[in-house]
Amino acid sequence: MRGTVLYGPRDVRFEERDEPKILKPTDAIIRLSVTCVCGSDLWPYRGIQKIEQPAPMGHEYCGMVEEVGSAVKTVKKGQFVVGSFCISDNTCPNCRAGYQSGCQNLDFMSGAQAPYARVPFADGTLVATREVPSPDLLPSLLAVSDVLGTGWFAADAANVKPGSTVVVVGDGAVGLLGVLSAKQMGAERIIAMSRHESRQKLAREFGATDIVSERGDEGIARVKDITKGVGADSVLECVGTLDSMMQAIRSTRPGGSVGYVGVPHGANLDLQQVFFTLVRLHGGPAPVRRYLPNLIKLVLDGKINPGKVFDLALPLAQVAEGYRAMDERRAIKTLLQPSGRN
Ligand SMILES: [Zn+2]
């Protein structure tokens, strides 16, 4: 088969790779229905995160089970499954506490920008649907695998409750789906921080009540204006830079919470500055597996349409253009369509 491999900065190749095989009895092989490029793939793509050797790319996935190892019990060949970007056993103490992204057997999915992929710990990582979903639902089910699950965790970690006032920092796919998540959790006021018209529009569609296009001190002043000088109850940080993290912390009221899910790159917080804000911080890689059953149900019931974040769809063979479009911010998120054994 041909799959996606990153060789170095801005060097994405679609090239011949071995088809994945069952290596352990707990593995499953899936045939990808759709896959995509993640905002976090842009860190190594831009050379900000160094890679040691050519890396098979892709960690967001849904598709049909082709084969399972002898120990797999909860999914079987012919089922449609959605999985988390974190590989988890879902049985260890951390998983049982709802933190599958802190699993004692944690691993990260890779190689899913391809027609086929191997999923370790299939029972602990995958959730099967009762029926094979209709094709129009595939983008939304794919979004559940990472960007929606991550946006949902950001809102959950920021303690969004019915009636809350929420700020979302970051207008990438995760931030936009953080808006959707906050809305689902009953937030009354949702302030999306975005400078891009098309993203502001989608944020409003997902439930944003206010848009703040300023950043830094000006952005914080605008949030304070909107919240009568207090700050927000809950702030979702969906970028991962020091500026965005400080923007989030300083937009939160004393006693409020920041849910941070942007993968930090060079974000060294000044602890003294944080100390006096009286803000709660909770974040990290999202335990998407915890939310999968509920989020899949919301999609299948037609309650949410997170697949709207995909504003570009390409055949998988054009994956390099998919990266370029996101890098240049021409696209929010690129959907990739495998077509047979290409
Ligand atoms: Zn575990």
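## Helices α4 and α10

In this predicted model, helix α4 passes helix α10 in a right-handed crossing. Helix α4 covers residues 138-157 and helix α10 covers residues 288-300. Their axes lie 9 Å apart and form an angle of about 125 degrees. Because angles of 65 to 115 degrees count as roughly perpendicular and those over 145 as roughly antiparallel, the two helices α4 and α10 are described as oblique to each other.

On the α4 side, the contact is made by Ser140, Leu141, Val144, Ser145, Asp146, Leu148, Gly149, Thr150 and Trp152. On the α10 side, Val288, Tyr291, Leu292, Leu295, Ile296 and Val299 take part. By class, the residues of this contact between α4 and α10 comprise 10 nonpolar, four polar and one charged.

## Helices α4 and α5

Helix α4 also packs against helix α5, which spans residues 173-184. Here the axes are 7 Å apart, and the angle is about 60 degrees. This angle makes α4 oblique to α5. The crossing of these two helices, α4 and α5, is right-handed.

The contact of α4 with α5 contains 11 nonpolar and four polar residues, and no charged residues.

## Helices α5 and α6

Helix α5 has a further partner in helix α6, residues 197-206. The axes of α5 and α6 come within 8 Å and cross at roughly 15 degrees. Since angles under 35 degrees count as roughly parallel, α5 and α6 are placed in that class. Their crossing, that of α5 and α6, is right-handed.

Leu176, Val179, Leu180 and Lys183 of α5 meet Arg199, Leu202, Ala203 and Phe206 of α6. The contact of α5 with α6 divides into six nonpolar and two charged residues, with no polar residues.

Asp171 is located in the loop between strand β11 (165-169) and helix α5. Asp171 is buried, because 26 C-beta neighbours lie inside 10 Å. Leaving aside residues up to four places away in sequence, Asp171 touches Leu176, Ala192, Ser194, His196, Arg199 and Ala203.

Asp171 and Met193 are separated by 22 residues in sequence. In space, their C-alpha atoms are 6.9 Å apart.

## The two domains

The protein chain is divided into domain 1, made of 2-132 + 311-337, and domain 2, made of 149-283. Taken over C-alpha atoms, the centres of domain 1 and domain 2 are separated by 28 Å.

Seven residues of domain 1 are in contact with seven residues of domain 2. On the domain 1 side of this contact there are three nonpolar, three polar and one charged residues.

Asn90 sits in the loop between strand β7 (86-87) and helix α2 (93-96). Its phi, that of Asn90, is near 60 degrees, a positive value in a residue other than glycine. Asn90 is buried, because 20 other C-beta atoms lie within 10 Å. Arg329, in the loop between helix α11 (319-327) and strand β18 (334-337), likewise has a positive phi, near 55 degrees. Arg329 is exposed, because it has 11 other C-beta atoms within 10 Å.

Lys24 lies in the loop between strands β2 (11-16) and β3 (28-36). With 13 other C-beta atoms within 10 Å, Lys24 is partly exposed. Lys24 touches Gly69 and Pro120, not counting residues up to four places away in sequence. Lys24 and Val119 are 95 residues apart in sequence, with their C-alpha atoms 10 Å apart in space.

How values were computed:
Residues are numbered from 1 along each chain as its sequence is written. This is a predicted model: local features need pLDDT of at least 70, side-chain atom pairs count only at pLDDT 80 or more; totals for chains, interfaces and linings use all residues. Axes are lines fitted to C-alpha atoms, for helices over the stretch in contact, and angles run from 0 to 180 degrees between N-to-C directions. Helices (H or I, at least four residues) and strands (E, at least two) are DSSP runs, numbered from the N terminus. A crossing is left-handed if the near helix is turned anticlockwise from the far one by less than a right angle, and right-handed if clockwise. Two residues are in contact if their C-beta atoms, placed from the backbone, lie within 7 Å. Ala, Val, Leu, Ile, Met, Phe, Trp, Tyr, Cys and Pro count as nonpolar, Asp, Glu, Lys and Arg as charged, and the others, Gly among them, as polar. Domain bounds come from an automatic or database domain assignment. A residue is buried if 20 or more other C-beta atoms lie within 10 Å of its own, exposed if 12 or fewer, and partly exposed in between; C-beta atoms are placed from the backbone.
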